[in-house]
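Trainee: I have a model open and would like to go through it with you. Can we take it step by step?

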Amino acid sequence: MSELRPHEALIDRLGTELVPVRRLLPPWLRTAGWLLTVVAIAALLVMHYGIQPMRLRWAATPDLAWAGLGAVATAISGAWAAFTLGVPGRSRAWAWLPLPAAVLWIGASGLGCLRTWIAPGTEVAGLHQSADCLLFIISFSVPLSALLVILLRRACPLRPVRTAVLIGLASAAASASLLEICHAYDSAATDLLTHAAAVAFVVAVNAAMGGRLLSKA
Amino acid sequence: MSQALTANGLLGLDSGLCLRTGPRRIVPVDFTEARDSDSPDQRRAAWMAAAQAGDRRAYEKLLADSVALIRAAARRQGVAPDHLDDVVQETLITVHRVRHTYDPARSYDAWLTAIASRRAIDALRSRGRRDSREVHDEYAFDSHADEGDASSATESDERAQRLRDAIAELPPGQREAIEQLGLRERSLSEAAELTGRNTGALKVNLHRALKALRERFHGEP
């Protein structure tokens, strides 16, 4: 065992430092923990705004309901994929889990671009209101991303940038889902553009910063 | 639950199934009692589960057993034979730090190989960065051809030997700091992990070692 000899001292030292550890909970359970925070925020928003405006808007424009459903599914699958990739040895294919949900979310929102031609009567957001949406998505994404980063630092994400992109996607999707509750306008090209800009911003910041934050873990 | 006890059969299953098996998983009383019917992977999985509970004997057996696997993973990534031991050390330290992320219902070998491959890639990247800073041989020969004669080579050998001797004579703490941070180019946190000293002590020791060496060779305080 000559290849073992140079490492005997290190193995011995690691042995002396060994203390019992609490095993990491399974990824689905950790995802559920994070989603609980999102649900708590959603409950507060529903208490404040009520559920009626959202239901009326969704009844009038079913494509927005599909987009909302897609955003919720993207948040769940994105967070699940991030937590799974935080465990060494798991298949990298998990990174693609949020793809179908994200396609539904972005695709259905994209129909909103045609809103002014499909239903000219609906109230369309102006630039000022769109800026509010931008601020909403970003300001909710920051704490939700931070929570995911903290939870994932306890794990071991071997591909920090990929995991950080998933964190960005999950928290931006969760924020867009929350926005559905108190969104007063239907999607239009300007509105969709600001949403896309906000999501891209959150994903990019996470990839740039989160990667570094996670790789120190 | 006999399957979960020996981590049989559940290897490779997705976490969708953990929904049913995860919370009911039972930790056996003595994992070090590896049975003949167990595969090497299952034996290591059992040792790691015991190590997570604090069993030092199982842990040391596991780490010793892991060295060959780490070397194989590093070789597959293209790490040169003389750098394999560095990757083994880095991987063992990472394994120690993230041992709580291992799930005994899954393959230990897959978990370890993922970490070892990552550390191998890190080692290759940092070597690549170091090599790209070095001057190309032909260019060096064209511009500094006269410096490479036999007497200067002997002189530089002697200088290197004198430096080695000087380092060997330093107090143990300072020698350790200069070996880890200066010669092996480890980061402060890596050196701290390896030596078991805190980063502040390492910095102070490195500073003192450099000062002592400067005084010895140049006579400057």
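Trainee: Which residue just after α2(A) takes a positive phi?

Mentor: This is a predicted model, so local features need pLDDT of at least 70, side-chain atom pairs count only at pLDDT 80 or more, and totals for chains, interfaces and linings use all residues. Residues are numbered from 1 along each chain as its sequence is written, chains are lettered from A in the order in which they are written, and side-chain values use heavy atoms, without hydrogens and water. Helices are DSSP runs (H or I, at least four residues), numbered from the N terminus. The phi just after α2(A) is about 80°, and the residue is Gly50(A).

Trainee: How far apart are the end C-alpha atoms of helix α2 of chain A?

Mentor: The helix has 23 residues, 27-49. The expected span is 1.5 Å times one less than the number of residues. That gives 33 Å, and the model agrees, because the end C-alpha atoms are apart by 33 Å.

Trainee: What is the area buried between chain A and chain B?

Mentor: Buried area is the accessible area (1.4 Å probe) that two parts lose on being put together, summed over both. Carbon and sulfur atoms give 63% of it. The total is about 3,400 Å².

Trainee: Which residue of chain A forms a salt bridge with Arg56(B)?

Mentor: A salt bridge is a side-chain nitrogen of Lys or Arg within 4 Å of a carboxyl oxygen of Asp or Glu. Across this interface the rule finds one. The closest N and O atoms are 3.1 Å apart, and the partner of Arg56(B) is Asp12(A).

Trainee: Which helix gives the most to the side of chain A that touches chain B?

Mentor: It spans residues 8-16 and gives seven residues. The answer is helix α1 of chain A.

Notes
Helices (H or I, at least four residues) and strands (E, at least two) are DSSP runs, numbered from the N terminus.
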